[in-house]
Amino acid sequence: MMKRKAWALLLVVAVLASLLPAAAFAAAAWAPNTSYKSGDIVSYGGSEYECLQPHTSLVGWEPPNVPALWKQHSGGTDTQPPTAPANLSVAGKTSTTVSLSWGVSTDNVGVTGYEVYQGGTLVGSAATTSYTVSGLTPSTSYTFTVKAKDAAGNVSAASNAVTVTTDGASSDTTPPTAPTGVSASNVTSTSVTLSWTASTDNVGVTGYDVYRGDVLAGTTAATSYTVTGLTASTAYTFTVKAKDAAGNVSAASNAVTVKTSDTGSGGGKKIVTYYPAWAVYGRNFKVPEIDASKITHINYAFADICWNGRHGNPDPTGPNPQTWACADEKGNINVPNGSIVQGDTWADTGMSYPGDTWDQPIKGSFNQLIKLKQANPHLKTLISVGGWSWSNRFSDVAADPVTRSNFAKSAVDFIRKYQFDGVDLDWEYPVSGGLAGNSKRPEDKQNFTLLLQAVRNELNAAGAADGKQYLLTIATGAGPSYVNNTELSKIAQTLDWINIMTYDFHGGWESKSGHNAPLYFDPADNSADPVNFNVDKAVDNHLNAGVPASKLVLGIPYYGKGWQGCASANNGQYQQCAGVSQKGTWENGSFDFYDLEANYINKNGYTRYWNDVTKTPFLYQPNGGIFISYDDAESIQHKVNYIKSKGLAGAMTWEVTQDRNKTLQTIVKNNLNP
């Protein structure tokens, strides 16, 4: 009888245990030399952490030290909103700005930030209890409120409302005198440096506009400017105009005509590839493994933007919703809002490689990039800022002349300190799109141009002092909304080139299968907008918006996208599917090309098919209805031929670790720069 009771009790305990969530039990302590998979929960230092990507732990990889591998686990659902901010008041104002401050809100878990509203429109976000609204109209009345939010996305009631009238505009109507003595120096095949004598004004000169013919080539506060992106063996005429704070513009300076030099380089194309900071973790692909002979430029992804002492993105819809203190290789740093900072200090400058010494100030991937350039003198490196996860502060930075200046100056400091050759901005996206918590405003369209001009001016001044030309590039969206939300024709004049992200046209976020990066429009594609979502249309949209073909670099993916439960008609192509594939290399529905080579292409029940309209391959596995769209050697060859036929500047690839066998990289190199 006792034995039966014991078995019955054991059965009850087992049933109850099966009904409890895993979080109801204490998490195992984190330990080194242990294999962890995505979703594992461990305890460390009194907190619980969730594994973000599979890896084998090492000493020094404790959860708080490697945010790319672990995020803090809250364990439970928070539904309680913070208290409403109190005592909202006006701390200061000008003709175009209003500074607000308010009392701290409280929350059962913790307040993560505040949202500032102008009437019913969100105009900005703040991590502290103050915010400056910019871009306002002089002598105009505005009403503001503030709401608090927490990490779970709960939003408080609105604060008290404050109404304020901006100051009136200046009555200055006198323009500055025209600049004199404009001269040219440091003429190369693609650039020229202009200098002139300063103008005078009754109040004060605030800057100069440099014109190439009738086209604005750039703006500077200094009395010199380097115009870049020119064509070899071509004559250009330049003039300069001065301007003041009231918007008065002087007459044009004397004109100077310059002919750029011959390249003598045979017209080689750019081959740009991104290297992600997180590659040193689960991917175990480090900088020395990059074959630099097959590329011309490496964009290191990503650096971030410091705001109120922290960087990162707490948006719960993002892949890694957390923030960190702004730091460099020495520890936490105090820098102005808008400054560029390291995204992952351990991977960037802290990780030791063979040959590194304990007292070496800069280690990690940054030091390995320096060594890679020393061994390959043709190679250039750029630090890429932002990306999908870390574009949340771009709008705030671009909206204010002060933070634009902070960003631009920090770009120079960053590339000088870590020996990069330029900076690449990956803002996803101005005005609309991107993660839900990103700061955004309609003025992003104009402010993005101003931000890039500020960076260009600082890079030019630094380049003149350092005796080199620093590069400025951006990554652009491939859809029509990006063209509409930016001033591409003006931006192109400021940039050395544009990397257009011509991929992710279709993916597991859609209910129907489609091609990740179709070269051409397929009339059989029954998705929402197939006419605009293909490589050829994206390129034409950029060209029609005023981007010269010589400044457009075409994006090529080294990965594929997959669905499951797709109907078998047309071998799964353009069919209704059950959802994103539960298979993938590092995450569901995303397949690195080297993984496709090894395990999928005409293997394990997957058959390769070819769409001769889109010029892209795809795989279908009837058992499970798995459809995978990707690029291979054949489709890459078509895209390389397209680059040459359109006269584009070259190719950009995302990203180098996904093509470990160099199958696709070799096709690009051998056909663009044989």
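Student: Why is Asp209 called buried?

Tutor: Asp209 has a relative accessible area of 10%, and buried means under 20%, with exposed over 50% and partly exposed in between (1.4 Å probe, protein chains only), so Asp209 counts as buried. Bear in mind that this is a predicted model, in which local features need pLDDT of at least 70 and side-chain atom pairs count only at pLDDT 80 or more, while totals for chains, interfaces and linings use all residues. Residues are numbered from 1 along each chain as its sequence is written, and side-chain values use heavy atoms, with hydrogens and water left out.

Student: What makes Lys243 and Asp209 a salt bridge?

Tutor: The closest N and O atoms of Lys243 and Asp209 are 3.1 Å apart, and a salt bridge is a side-chain nitrogen of Lys or Arg within 4 Å of a carboxyl oxygen of Asp or Glu, so the pair qualifies. Lys243 lies in strand β19 and Asp209 in strand β16 (residues 205-212), so the pair ties together parts that are 34 residues apart in sequence; strands (E, at least two residues) and helices (H or I, at least four) are DSSP runs, numbered from the N terminus.

Student: Why is Lys243 described as partly exposed?

Tutor: Lys243 has a relative accessibility of 24%, and therefore counts as partly exposed.

Student: Which other salt bridges can you name, and how many are there?

Tutor: The count comes to 22 salt bridges, among them Lys294 with Asp291, whose closest N and O atoms are 2.8 Å apart, and where both residues are buried. Another pairs Asp396 with Arg393, again with closest N and O atoms 2.8 Å apart, and these two residues are buried as well. Arg283, Asp592 and Glu655 are linked in a network of salt bridges.

Student: Why does Val227 count as buried, and what does Val227 touch?

Tutor: Val227 has a relative accessibility of 2%, and so counts as buried. This residue sits in strand β18 (residues 224-227), and, leaving aside neighbours within four places in sequence, Val227 is in contact (heavy atoms within 4.5 Å) with residues including Thr190, Val210 and Phe238.
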